[in-house]
Structure formats: C-alpha cells, structure tokens
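Subject: Handing over the model

Hi,

Here is the structure I promised to pass on to you. Please have a look at it first, and then read on for what turned up.

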Amino acid sequence: MVGRPGAYARAALGNLTGMADTGALYAWIREFARLIEEHKDLLTELDSAIGDADHGSNLHRGMTAVVAALEKEPPETPADLFKRTGMTLVSTVGGASGPLYGTAFLRMSAAAGAGETLDGADLAKVLRAALEGVVARGKAQAGDKTMYDALAPAVLSLEESAAAGQPLAEALDAAVRAAEQGRESTIAMVARKGRASYLGERSAGHQDPGATSVTLLLVAASAALS
Ligand code: ADP
Ligand code: MG
C-alpha cells in the first residue's frame, strides 16, 4: 500500500522508516489493552458520573478477550488483526461501546485491505474508516459528547500530517495531542447521544468516558508504532 501518486507520494517517502507491519500493529492492540487495564478505574469513575459505571469494566473485559484470542492464534495480516479484534469486542462487550468499538475495528480491517504494512497515510485512512463506522453505528456528530469528539480531530490531524509528508512518529504525536484536546473539549459539552444524554444539561462539567478511552487508542498507537 505504498507508492501512491499525488499528495500521498511524499507521505510515503517521508515514512520509509515509519512503516507499521502486522507485528507492530499487534503491539498497538496489546498496548491499548494494557492502557485500558491501567485506566479501567478512571474510565468507570467517569462513566459513574454521567452513565452506568461500566465503561472501564466493559472495555477491560473486551480487550482481555481480544488479547487471549490473538495469543492463541497470532494475526497474519493487519486486516486479520483488526477483524478479529472487532469480532471479539462485538461478542464480549455489551452496552454502547461494544458495537461502537467493534464496528470501528471491522471497518479498519476492510480499509487495511490486503496490505502487509501501513504507512502514515494508510493509518489515516484506516482510522478515518473507524470514525465512519462509529458514525454509521451511533449517529454521533461533533459536539455530542462522545468518542467522536476525540477520534475525529485525531483522524484529521493524521490526514494533515500524511499530506505534509511527516514521519509516522511525528504524525502520531500530533494525533495524540489532537485527541487529548478533543477529550478535554467534551467536559463542557451537553451529551446528545448515549446514556449521558438522559442527564441533559447535568451532563456538562464531566469528561466523556468514550472520548477518554479512544484517546488511549491513539496513545497506544504512538507508543507502539513510533
Ligand atoms: P453504555 O453507555 O451502554 O453503558 P459504555 O459505558 O461502555 O456503554 O460506553 C459509553 C460511551 O460510549 C460514551 O462515553 C460515549 O463516548 C460512547 N457512546 C455512547 N453512545 C454513542 C453514540 N451514539 N455514538 C458514539 N459514541 C457513543
Ligand atoms: Mg456505561
């Protein structure tokens, strides 16, 4: 998936030392699982303020199952890795986040295609597909106080970095900062989707749990792929 013409040609060139193969992407998923475990109490605490106090335990259960499934049979390609991650999340996580994250990873699998490696532009494309999956499944828009509000700015940042030909490490660093800013912006928002929306105006003043967990997905990418 390298050597595209046009705007992405420079990105591919700049990323010759910034390719992620299946092993690196597998490390990304394992690092995400580790960060979810490390932050599960925080995620549940955030969800207890505006939801039903299960976001940490939901994702922890799901990512533990993902790691176990992949350990049994290591992924062969990026598409295989993302597909099995998504399928395991759908089957082990209830609530809103199971189908949302599950759909995101299944869309990532489709976007990864048959490629063996992903460069910065590919990663932007894969995460754009994840965002589209979240929207297809949950109908969230910017400002609804959901995971969208952290994921969307990160995807945009990755696309801009890829177009500018930035190395993968720098692109991921910028994407993490964009996600963190998006996550912080959810504090002031009034929830319009999911359980938190039942609280109406009272949801303002609290950080969204899903925006927090999806920021960890970017942090994990930066740690594992840089
Ligand atoms: P549940 O709300 O069913 O208990 P979780 O607590 O695991 O599920 O996940 C809650 C998170 O899911 C929220 O913080 C929010 O980011 C995300 N979310 C909920 N509904 C939507 C939606 N329609 N679109 C995008 N994200 C959503
Ligand atoms: Mg919940």
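A word on exposure to begin with: a residue is called buried under 20% relative accessible area, exposed over 50%, and partly exposed in between, using a 1.4 Å probe and protein chains only. By that scale Thr117 is partly exposed, because its relative accessible area is 26%.

Before the rest, some bookkeeping. This is a predicted model, in which local features need pLDDT of at least 70 and side-chain atom pairs count only at pLDDT 80 or more, while totals for chains, interfaces and linings use all residues. Residues are numbered from 1 along each chain as its sequence is written, chains are lettered from A and ligands numbered from 1 in the order in which they are written, and side-chain values use heavy atoms, with hydrogens and water left out.

Back to Thr117, which sits in strand 2 (residues 117–118). Helices (H or I, at least four residues) and strands (E, at least two) are DSSP runs numbered from the N terminus. Thr117 and His206 are 89 residues apart in sequence, and their C-alpha atoms are 38 Å apart in space.

**Helix 2 and helix 10**

Two packed helices are described by the angle between their axes and the distance between the axes. Here the axes are lines fitted to C-alpha atoms, for helices over the stretch in contact, and the angles run from 0 to 180 degrees between N-to-C directions. Helix 2 (residues 22–38) and helix 10 (residues 209–225) have axes that come within 8 Å and cross at roughly 135 degrees. The two are therefore oblique to each other; angles under 35 degrees count as roughly parallel, over 145 as roughly antiparallel, 65 to 115 as roughly perpendicular, and the rest as oblique.

On the helix 2 side, the residues in contact (heavy atoms within 4.5 Å) include Trp28, Glu31 and Phe32, and on the helix 10 side they include Ser213, Leu216 and Leu217. By class, this contact has 15 nonpolar residues, one polar and one charged. Ala, Val, Leu, Ile, Met, Phe, Trp, Tyr, Cys and Pro count as nonpolar, Asp, Glu, Lys and Arg as charged, and the others, Gly among them, as polar.

Leu218 also lies in helix 10, and it counts as buried because its relative accessible area is 2%. Not counting residues up to four places away in sequence, Leu218 touches Leu127, Leu151, Ala154, Ala175, Val176 and Ala179. Leu218 and Leu172 are 46 residues apart in sequence, yet 7.4 Å apart from C-alpha to C-alpha.

**Helix 8 and helix 9**

How do the axes of helix 8 and helix 9 cross? They come within 7 Å at roughly 155 degrees, with helix 9 covering residues 168–185. Helix 8 and helix 9 are therefore roughly antiparallel to each other, and their crossing is right-handed. Among the residues that meet are Asp149, Pro153 and Ala154 in helix 8, and Leu172, Ala175 and Arg183 in helix 9. This contact divides into 10 nonpolar, three polar and two charged residues.

**Aromatic pairs**

How many aromatic pairs does the whole structure hold? The search finds three. Rings of Phe, Tyr and Trp (its six-membered ring) pair if their centres lie within 6.5 Å; planes under 30 degrees apart count as stacked, over 60 as edge-to-face, and the rest as tilted.

Trp28 and Phe82 form an edge-to-face pair, 6.0 Å centre to centre with 80 degrees between the planes. Trp28 is in helix 2 and Phe82 in helix 5 (residues 78–92), so this pair ties together parts that are 54 residues apart in sequence. Trp28 is buried, at 0% relative accessibility, and Phe82 is buried at 0% as well.

Phe32 and Tyr101 form a tilted pair, 6.1 Å centre to centre with 35 degrees between the planes. With Phe32 in helix 2 and Tyr101 in helix 6 (residues 97–112), the pair ties together parts 69 residues apart in sequence. Both Phe32 and Tyr101 are buried. Ring pairs also link Trp28, Phe82 and Phe105 into a cluster.

**Backbone**

Ala53 has a positive phi of about 60 degrees although it is not a glycine. Ala53 lies in the loop between helix 3 (40–50) and helix 4 (55–72).

Best wishes

Terms used: A crossing is left-handed if the near helix is turned anticlockwise from the far one by less than a right angle, and right-handed if clockwise.
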